[in-house]
Amino acid sequence: MNLMISVFRNEGLLLLRNKFLAIPLLVNMLYWGYSIVSYEIQPIHYEERAVVFYKSFIWALLINLLIVGLIAVYMASKDRENEFEQLVLTYDVKNVDWVVGKWMITQLYGLCITVMTIVVQAIWFMSASMTIGDWFKNIVYVFIQMEGAFLLLISIGFLFATLIKSMFAYLVIPAILVLSLMFPFDYVGKAYIWDNPKFHLFTPFDYMFIGSPYEGIWGIHHVLKSSILHQSAIVLLGIAVIVVTLLLFRRYRRSNKEKKMIPIILTIFIIPTIVLSGMRFMQYEQALKQYVTTGQQYVESFKGDDDESYNKWMNSYYEYNKDDQPYEFSMEKTNLSVELQANDQINVQSTLTIQNNGNEAVNDVFLTLYHGLKIKECTSAKSVTCSQDKDFITLHFDQMIQPGEEFDLNVHYQGKILQYRDDGYIEQAFIKNQRIYLPKEAGWYPLIGKRPLVITREHNNLYAQFEFRNARLVEDFPTEFTVNITRENQKVPLALTIPEISEDTFQGTSQYGLSLLGGNFKEEKVGHIRVVAHPEVIKGATEVIERYQKAWSFMEDWLGVPMSPSVIYILSDNYYYLTQFSANHDFFVLKNEYKDDFEIAYELKNELTREGLFDNNQDFHILSDAMVWMIANHLQEQVSFAEWYKSNWWVEGEDLTVVNLLQSYEKKGSEKFKDVLKYLFHYWTELDNKQDFDMESALKQYEGESRR
Amino acid sequence: MLTLKIEGLQKNYRKFQALKNINLQMETGLFGLLGPNGAGKSTLMKILSTILPFQDGKVTIYDFDLVKEGDKVRQLLGYLPQHFNVPTQFTGREFLHYVASMKSITNQQERHLQVEKVLEEVNLLPQADKKIKGYSGGMKRRLGIAQALLGNPKLIILDEPTAGLDPSERIRFRNLIEKLSKDRSIILSTHIISDIESSCENAAVIHHGEVLFQGATDALAEKAINVVWEVSVPYSEYDQVEKEYVIISSRKEKENVVFRVLSIDAPFDEATPVQPTIEDGYMAVINGVIS
């Protein structure tokens, strides 16, 4: 041990005197300095400090891994290359002392980078809006990610420097980094057939996340546990690799003690490495399995036989109007008594008031509820039998439900709500101590009608063999909700898409439905809109929402359509994409980002014209652009529409007849232009076949009606 | 007591046989190992220093088996390699402390005493706190000797210690080695005859991985009795002599060249036999003039 310490100390002295090795530390300092200053000087923040930190952290980690790995190869091979090692071999020092002494000083070098990063993080996160516990957990996360990766990479560097006695040993480090991180690096939650998301586990740090390990109001919690497990296995593997290096280093020179001990130590580390790796693998395997099972339940295959119809079929996957088939029954009232239990379990006692709005009497009424939740009891004043098949519930009444008739139904259900999306990378619904999310799309409460919760299309080029997204769940009628929540260990504040009237009791009418949140958020009101967001971005969000509100009010006045939501959730990107299709005028999800006037205008226009987005009708697209211009012009005065169109969209040779026609109305004044666009919009809305939209004939009709 | 005993030693680098059935014995004192470049000297030195493993044979150093008891052999060993490269960011003193600790001199006081002693022995005390990168070639060699002396080794192996030194440094170095050999066994591997001529009592000649001679240095010279000739020939015959005989040296005398050549028989009628030197014996052995 004394010899090992001596090697450690003297190699440390050499390291200290090597000026080049100070460069990575300096570069790290400058990088973090730039990242922090460029964030802090912004007057309004649209992203949390932690999000910005982790985005920078990934790049810093990748560069540091390369540097530390190369330094490890250098440390292990420098004395062999300069032949000092030959001299050392004649000394009394043992192989273990020599190799491990140098390995330890290289680890210390890696630790310096880790400590520097953690100091930066710790200081910066002090000004972030998080609890001390979360602050500490973030530090733990960064520490285990960096140190585990460094430990393994340094050991690999030593192993290959021992095996390959040439400069090629240096190539191993970038090769390993590229091979292990290439697929996870560019991964967005949809693995192609030549990729396998399970292989993303073979990385020196836990890369089983998409975008950023930090997730808005849920912080680091959703990755921390699995990262600790992953990195524990990596640490053990790193030690096992250095023991293998000892096994291979100058074998003939090993002492009897080394000959006996090294295989024993290797076994001691290999066994728990296998166990922990297996646990981590099973953890992900389970998530992937849940995702695949859910997808397979809904998967649709292509039935046609020609390319054209195949393309049409595939494109229909992207259509936004998937859940717009009206159902005769409406959910008038929903009273829920929800018990949030540990381990993602919920127990719900519900009372539903359902009405037949159709013209026919029926025996069967359909509901939708996630298949992981099992019905324990189903009663009504009328004789009813409830059967559950996958995500659908069939209520069979002995007596027919007459048109206009209303009935009450009591349903008691419970089960595990944990659901995954994006190849098992994202938890779509969960109940944990620090975070809760029960989005409407998870089907955690009974929805009226037979509603697919997800849409999956067979896709041979994907690993899962299908494309998968949440279905659009749009209600035909509003529902009066009363929700009472009791919880076991969850202490986080809760928010629901309806207002809270007393602690954990929520009441209100919504045409969107219920989406339950629990985490580190702040709720504020912007006008009459409730805004739920991470405390650090609420100011930025308010600024953006105020501009949205200006646009919404304008559009409501102008077009006479409901636009202004009652509640806005600001979720991280992944959850924004999962939820956005179901949002309606009642409920809005916003991305954590700054938006300019035109981005807002396009987004709101798209909400109203979803059906035509994929049409090739040029007249419709010019109408769309005119509407965008009108909204943007209201937010901030623009150049004339025709001028704007020509500078932004006009392509050489394009016939501008329709644009010029609209320009003639613009010249007549703002109100006239608004009026004609409003007319055209409603004209288009009422068309059965949107492809038939013809601006000239619509304008002729407008002129005709105006004269009358 | 035998310091070193080598029996049937063989060393191969893949298909190339670097050492072929080496048998050698050495007692206390200064032992010279002569051979041209590429003869296998350094390979043999590295094997004796426990740096290289070997395929066949047995080596014992002070009765310790080199393979089975390598760690015990290392405790008796001081080694100066042919290319003495060390981390140059250390000062001489720091480096010696590092080496001393790797030689298991863990007691700080003891280590300090030994380091100061060897620094004095090799006359490096004034430069001890300078970084090694500022040392001259001779100073580095002395530092090399100093590190070999740490731990009071019983056997010191010096591989080409004077290579690259200027004449005055070489003389100083030889004197130092001679001084050290009084109470230690030293193996001095070299291709420079003068390095061992003055100080070694015993020597071995190695060529193409084989030991061609082993014995007293005087005996090496004696081996060449009656095969060393001096002959004076006209300049015009220079090429013919060079082609037919092994020339040890030549010098110009008026219109003639006087050659010192190796030959079993008199090369010319007028050739005269001369008293051989160690160099003559060495040349005769490695050129196969005598067996």
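## A walk through chains A and B

Let's start with a helix in chain B: the buried residues of α4(B) are covered by elements that include α3 (92-102) and α5 (137-149) of chain B. Keep in mind that this is a predicted model, where local features need pLDDT of at least 70, side-chain atom pairs count only at pLDDT 80 or more, and totals for chains, interfaces and linings use all residues. Residues are numbered from 1 along each chain as its sequence is written, while chains are lettered from A and ligands numbered from 1 in the order in which they are written.

The element names come from DSSP runs, numbered from the N terminus: helices are H or I with at least four residues, and strands are E with at least two. Helix α4 of chain B takes in residues 108-121, and at 1.5 Å a residue its 14 residues should span 20 Å, which agrees with end C-alpha atoms 20 Å apart. (The expected span is 1.5 Å times one less than the number of residues.)

Which residues of α4(B) are buried? They are B:Arg111, B:Gln114, B:Val115, B:Val118 and B:Leu119. Seen down the helix axis, the buried residues of α4(B) fall within an arc of 130 degrees, so they line one face of the helix. That arc is taken from the directions from the helix axis to the C-beta atoms. Here's the general idea: an α-helix has 3.6 residues a turn, so residues three or four places apart point the same way. On the other side of α4(B), B:Gln109, B:Glu110 and B:Glu120 are exposed. (Buried means 20 or more other C-beta atoms within 10 Å of the residue's own, exposed means 12 or fewer, and partly exposed is in between, with C-beta atoms placed from the backbone.) Just after α4(B), B:Asn123 has a positive phi of about 60 degrees.

Now for where the chains meet. In chain B, 23 residues are in contact with 20 residues of chain A, where contact means C-beta atoms, placed from the backbone, within 7 Å. On chain B's side, α2 (70-75), β6 (77-80) and α3 each give two or more residues.

Over in chain A, four strands form an open antiparallel sheet in the order β6-β7-β4-β12; strands pair if DSSP finds at least two bridges between them. β6 (384-389) and β12 (447-448) of chain A stand at the edges, each with a single partner strand, so one side of each has no neighbour in the sheet.

Notes
Two residues are in contact if their C-beta atoms, placed from the backbone, lie within 7 Å.
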